[in-house]
Every structure is written in C-alpha cells, then in structure tokens.
Amino acid sequence: MSIIIGINAYHGDSAACLVRDGQLVAAAEEERFRRVKHWAGFPSESIRWCLAEAGVTLADVDHVALNQDSSANLVRKIGYAARKRPSLALISDRIRNKRERSSVADQLAKTIGPGFAGRVHPVEHHLAHLSSAFHVSPFEEASVVSVDGFGDFASAAWGHGHGSKIDIDDKVYFPHSLGIFYEALTKWLGFPHYGDEYKVMGLAPYGTPHFLDEMRRIVLLQPDGSFKLDLDYFRHDTEKVSYEWEDGAPVSASNLFSPELEKLLGPARQAGDELTQRHKDIARSIQAMYEEAFFHLLASVHARHGGDALCLSGGCAANSVANGKVYARSPYKRLYVQSAAGDAGGAIGAAFVVWHQLGGARGFVMDHAYWGPHATAPELASLLDAHKPALDAAGCTVTAIADEDELCTRTATAIAEGKVIGWFQGRMEWGPRALGNRSILGDPRRADMKDILNLKIKRRESFRPFAPSVLAEAVPAWFEETDDVPFMMQVYPIRADKRERIPAVCHVDGSGRLQTVRAETNPRYHRLISAFEAQTGVPMLLNTSFNENEPVVCTPEEALDCFLRTKMDVLVLGDWLIERA
C-alpha cells in the first residue's frame, strides 16, 4: 500500500489531500478549518484531517508531494537576475523567505507530531497544475494548459498528456503573466482584495469592449501562441510584490500597475466609488483581452497536438466565461476543468505526479467534488440538542424526517414559496464552489431572489450573478450548449425562450454559470431538484455558497451558527428540517 500526502503550501488557498494506492481519499482547503479566506501557509489542519479521514498516522505516510520546487526554472531565474538586476530588497526578501521556511518534514513534526519517515518530493508548480486536471480527467489523451499568476518563476505551461505522462512543450516565464494582467486591472477597477478577479468577470457583461485597443498595448500576443506584457505598465518585475505568504490571509499586492497605466486608462477607481459605464466598458475589455490571449494560445496548442480533448488548470482556469466559449472558439469538443483549478488543486496534482513517477497506473477519475469533512447523524442530533435554547429563542421548529422523499418535497415546497434555504449534507466540496452539499438555495424563477439573498445573507455587489444547479438530463432543453459541468466551471448561454422563466440565475447577457447535477454523484441533491421540478416545471435551483462573508461552512456547528445569525428561513441539516417561525 502506498500513501501520498499532497500539499499546496505558502501560496494562497493552502490545501492538502491524501491519495492511497492511486485513489483520492480526502481533500480539503486550510481556509475551511482556519476560517480565514484563502488562508496561506503550511496546511497543517488539512493534513491532520486527511490523516484522520483515512484512518492513518504520519508514520503510515510514504511520500509527501509539495506543489513547488525552488530549483525549477533555475537557469531562467539566473538569466533574468543578470539581465534585469532587480532591486536588492526584492532579491534579499525572496532569499530570506526560502531560508526562513522549515523543511516540510520539520513542519510536519512541529505541527502534527513525530513519525514521518517517508520522502518529500518537490513538484514544479505548473506540472502540478497540469496533473491536477489531466491525471484525474476521463481522458486517456488530451492537450493540457495551465495559466495563472506565477509559480516557480512561470505563469503558464502547456503540452500534451497521454496515459500517465505529461509532456510540457513550453512555458511563459516571469515577469509575463495573464494572471498578473487580470489582477492589476482588477486593482485599477477598485477591487482590492485577493481573489477579486471574479468581480471583473461578473461586471464585464454590463459593458462593451471599447477599450480593447488599449488592452492590446498591454498584452502582446506572440507568433508562437504565447504572450508578453508591456512592462511599462507594471511594477512587479522590478519591485517587491508578494506571491507567497506564511500563516494568514494572503494580502493582494497594491502596487502591481505603474503610473503609465493611469496615463493610458485614466485615474484608477477607488474602492467604494461609483461604477460608471466607462468602468463597465473597461471590465468588458479586460475580459475580451484575456479571451483573445487565451484562445490564441489554445489555437497554437491544438495546431501542434490536434485531438478534441482539453484539460485546463491554474488560477485563470477559474475564468468560467472563457471556459464556456472553448467549444465555440476552438477546435476542442471535450473539456475538463477540475473543481479546484487554482493553487489548492496543486495539492492533488503534486500527489498524482508522484504516484505516476513511482510507476502507479491511472485508474482514478474525479467526477465529483465531495472529498471533504462530513458529520454523522448522531453528531447532528447532539448538536441540535445542545443548541435547543438558542433555536427556541429564535422561534425555530426542528423536525427529523427520515424519509428522503418527504424531506426533499418539503424543502422544495419551501423554496417554491420564496424561502431561503441552508442546505448542509454529506461531505464538503473540494474547491471554491458550493455544489449542493454546503449550499444556500433559492427559487430561480423569482426576479427578486438576488435582492432577497443580498438582504438576508450575502450583502454583495448587485452586479454579481447567482448560479443555477441543473439536472444534467435537462441541460439540452435549457442551455444552448450541452455539456457535463459538475464543478460550475463554465458559463453557457441560456436558451432565449427560457430566460424569462429563471431571472434569478440569468445574467444580464443571458448566460448562466451552471452546475450539472447527476443522481450517481449526488443523489439527494438530484432528488431535491427533481422535487422542485415536479412542483414548478423548472429543473434547477439557485445555488450559492453557504457562508456570510467567510469561508464556506465546514462543520454543522458553523452551518447552524450562520443560520441563526442571518435571516435564512430554513436549514436542512442532514435529515433535520429546521424552520424559522
């Protein structure tokens, strides 16, 4: 038996997984345990939970795979330093960060305890990304592409996967990066936090790409399919900008763009300022430029390798709008994007790289995202008993419903009545999306449901869309593209004759970021949506993450606390139905 722990450490979204004999057993992000969004550092709590879930100890672990390798791309690093001579502060800070970090074995001993006697494997960042998609995909052969900010001195890599091998053709190296382009322009638009790029993606459909020519001065497409940045608009190539953090929330760099960008586009918007039509047009232009570079790269990769299958990874693979255009704007006809496409997913990628390097065969396909912690029925009952005074004070009725049909029918009825439902079931999702086990659910038919959710719980920007969870068998009748999208990683156009029926999940451009739900992978969620369809004729629910400006809830205690402190109407906790008077 071979046990491999895979980890993403010191990048944002620190995470860990456990692979036993080539099969994924457990995976979770550190933020869910620490309760700090995008937590960065050594994922000790995730590792501790993975070991417990697998019923093993550190002494049983044969290998630890880390999704970074400080020796990777060393020639490029030396050449860059010799040519550019970046500031001494930048160089000394990078060296100090490396020295200050203890070895992985030392960190395990310090945070988990003694016993590990296995081998630690550093895995180059983008190889881990590519593996995190291809090695768990259903494809025997595929083009593989990773695009992100930076990792191990590179921002993109692409090549070909076949069997258990991944052959990398080429990379884009520091300081050029599509991720940095998108992040810098996100800051210019006044969204300052780490991970705010999705807000630009949501804002873009409200604008038109009038500023695409300006974007083309920033991002320069190359004849070989790659891209470069005009570095006059950026600061990260010569000044200290953190891309790795230790033990805390990652703080997004505030100094990515130079004054030249403001000369090109005008003064940067400050957080909280009005979003004008000009800002919306620039957001649309940013997205259009990203797509132009993205599909330029895909065309080059396909020209070299052919085939109809594509695996995407890296932080930029979370750009679900671009992902949803792959079939229309490239020759690819099959697409796989893993549920944790960003740095967290590198934990899985690193583990499977090591598994295959050791001679392990392929035999695992990730067709669902439910790899996290769960609660037992006795634990739920004990929790509700302990919190009975608080539930009584809130005017709640608590009912145990052992019959799943009845539970789903009553929940569907509450949704159809316009109530907001907290839905806590089974194992927590792996990746940033709530996919029907840690979800807040609403009626997609109600035009006011977005406002209701924002008033009761979310309090987020009005331009940000909510997503539909759709019965997989119903997708052809409701969406213009028929595809299996279990991880909510693609945006597709909703059929024109259906848009008025589901205004709460239809974005301003007529699209929806769908999740397909299958009975084989989430039978209870599928049954709930089917019950809603039986009552309303609509085979989908509005689905958003179960949280209130915090990481998605992990434990039933966190779910109950979120329910009680917000204006949620109903909480379904396993087989328990909790209704607020």
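I started at Gly-6, which stands opposite Ala-65 in E4. The model is predicted: I took local features only at pLDDT of at least 70 and side-chain atom pairs only at pLDDT 80 or more, while totals for chains, interfaces and linings use all residues. Residues are numbered from 1 along each chain as its sequence is written, and side-chain values use heavy atoms, with hydrogens and water left out.

**Sheet.** I looked up the strands next. Helices (H or I, at least four residues) and strands (E, at least two) are DSSP runs, numbered from the N terminus. Strand E1 (residues 3-8) and strand E4 (residues 63-66) run parallel, joined by four bridges. Two strands pair if DSSP finds at least two bridges between them. I read the order of the open, five-stranded sheet as E3-E2-E1-E4-E5, with mixed pairing. Strand E3 (23-29) and strand E5 (119-122) are at the edges with a single partner strand each, so one side of each has no neighbour in the sheet. The twist from one strand to the next averages 20 degrees.

**Helix pair.** I then checked H6 (residues 125-134) against H14 (residues 346-357). Their axes come within 7 Å and cross at roughly 90 degrees. Axes are lines fitted to C-alpha atoms, for helices over the stretch in contact, and angles run from 0 to 180 degrees between N-to-C directions. H6 and H14 are therefore roughly perpendicular (65 to 115 degrees). Leu-127, Ala-128, Ser-131 and Ser-132 of H6 make the contact (heavy atoms within 4.5 Å) with Gly-346, Gly-349, Ala-350, Phe-352 and Val-353 of H14. I sorted these residues into five nonpolar, four polar and no charged. Ala, Val, Leu, Ile, Met, Phe, Trp, Tyr, Cys and Pro count as nonpolar, Asp, Glu, Lys and Arg as charged, and the others, Gly among them, as polar.

**Helix H18.** Is H18 enclosed or open? Seven of the ten residues of H18 (residues 449-458) are buried, so the helix is largely enclosed by the rest of the structure. Buried means under 20% relative accessible area (1.4 Å probe, protein chains only). Among them are Met-449, Ile-452 and Lys-458. The buried residues pack against strand E15 (438-442) and strand E19 (540-545). Arg-459 follows H18 with a positive phi, near 55 degrees.

**Cores.** A nonpolar core is a set of buried Ala, Val, Leu, Ile, Met, Phe, Trp, Tyr and Cys residues joined through side-chain atoms within 4.5 Å. I found 164 residues in the largest one, with Phe-181 and Met-215 among those with the most contacts inside it. Helix H11 (residues 277-305) gives the most to this core, twelve residues. A second, separate core of 26 residues includes Ile-5 and Leu-66.

Definitions and conventions. Angles under 35 degrees count as roughly parallel, over 145 as roughly antiparallel, 65 to 115 as roughly perpendicular and the rest as oblique. Buried means under 20% relative accessible area, exposed over 50%, partly exposed in between (1.4 Å probe, protein chains only).
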